[in-house]
Amino acid sequence: MAEPTRGLLDTSVVIDHDILDSALLPDESAISAVTLAELAAGPHATHDEQERARRQDRLQWAAATWDALPFNVDAARMYGRMFAATRATGQSSRARLADLLIASTAAAHGLPLYTRNPSDFTAIERLVKVIAL
C-alpha cells in the first residue's frame with residue numbers, strides 16, 4: 001500500500017477545488033495563510049454581487065476546512081532563496097509575490113506545492129517540488 005501523500009495547495013487549487021479530480025489531490029492537504037489572504041481579498045476585487053458572494057463563500061469554506069500554515073521564520077528564509085532564483089531568471093519577483101510566499105511556506109514545511117499554474121513556479125522548481133494539476 002502506498003504511503004499517503006501530503007501537499008500544500010496553491011490558491012488556484014483552492015479556487016478550483018470543487019471541479020478538480022480528487023484523485024489528483026494529496027491525501028493530506030494544507031494551505032498557507034497567504035492563500036487565505038488572497039481569498040479574503042477576492043470579494044473586494046469584483047463589483048458583481050453574485051461573484052462577490054461566491055468568493056465570500058469560498059473564503060469561509062477554506063477557513064473552515066484547513067488550519068492555514070503560517071508564513072514563519074523558516075518560510076521567510078526560503079522566500080529569500082526563491083526571490084533570488086526568480087530574479088536570476090530575469091522574472092519579476094514582485095509580480096509573483098503571493099506565489100513566492102506560498103511556495104516558500106510549502107518548502108519550509110517540506111511539502112510539495114500543488115498548483116493549477118505550474119509556469120508561475122518554473123524558476124523555483126529546484127527549491128520546492130511543484131505538482132501541476
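1. In this predicted model, Tyr 79 and Phe 83 both sit in helix α4 (residues 73-88), where they are four residues apart, about one turn of the helix. Tyr 79 is buried, with a relative accessible area of 18%, and Phe 83 is likewise buried, its relative accessible area being 18%; since the cut-off for buried is under 20%, both assignments should be read with that threshold in mind.

2. Two aromatic pairs are found when the whole structure is searched. Trp 61 and Trp 66 form an edge-to-face pair, with 5.1 Å centre to centre and 80 degrees between the planes. Within this pair, Trp 66 is buried at a relative accessible area of 8%, whereas Trp 61 counts as partly exposed because its relative accessibility is 34%. The rings of Tyr 79 and Phe 83 have their planes at 50 degrees and their centres 6.1 Å apart, so this pair is tilted.

3. Helix α4 itself has 16 residues and reaches 23 Å from its first C-alpha to its last, which is close to the 22 Å expected at 1.5 Å a residue. Its buried residues are Ala 75, Met 78, Tyr 79, Met 82, Phe 83, Ala 85 and Thr 86, and because they cover an arc of only 165 degrees around the axis, they are placed on the same side of α4. These buried residues pack against α5, while on the other side of α4 the residues Val 73, Arg 77, Arg 87 and Ala 88 are exposed.

4. The ends of α4 also deserve a look. At the N-terminal end, Asn 72 caps the helix, with a side-chain oxygen lying 3.2 Å from the backbone nitrogen of Asp 74. After the helix comes Gly 90, whose phi is positive, near 85 degrees.

5. Which residues of helix α2 (residues 33-41) are buried? They are Val 34, Thr 35 and Leu 39, and, seen down the axis of α2, they fall within an arc of 140 degrees, so they line one face of the helix. The elements that cover the buried residues of α2 include β1 (6-9), α1 (11-15), α3 (49-65) and α5 (97-108). At the start of α2, the backbone nitrogen of Val 34 has a side-chain oxygen of Ser 32 within 3.0 Å.

6. Thr 11 lies in helix α1 and is buried, with a relative accessible area of 7%. Its side chain makes a polar contact with the side chain of Thr 35 at 3.0 Å, and, not counting residues up to four places away in sequence, Thr 11 touches Thr 35, Glu 38, Leu 39 and Ile 102.

7. A last point concerns Asn 117, which is found in the loop between β3 (113-115) and β4 (130-132). Is Asn 117 buried, exposed or partly exposed? At 32% relative accessibility, Asn 117 counts as partly exposed. When its neighbours within four places in sequence are left aside, Asn 117 is in contact with Asp 10 and Ser 12. By C-alpha atoms, Asn 117 and Arg 54 are separated by 21 Å, and along the chain these two are 63 residues apart.

How values were computed
Residues numbered from 1 in each chain as written. Predicted model: local features only at pLDDT ≥ 70, side-chain atom pairs only at ≥ 80, totals over all residues. Heavy atoms only, no water. Phe/Tyr/Trp six-rings, centres within 6.5 Å; stacked < 30°, edge-to-face > 60°. Buried < 20%, exposed > 50% of the residue type's maximum accessible area, 1.4 Å probe, protein only. Helix = DSSP H or I, 4+ residues; strand = E, 2+ residues; numbered from the N terminus. Contact = heavy atoms within 4.5 Å. Arc of directions from axis to C-beta. Polar contact = N/O pair within 3.5 Å; in protein donor to acceptor, adjacent residues only side chain to side chain. Expected span 1.5 Å × (residues − 1).
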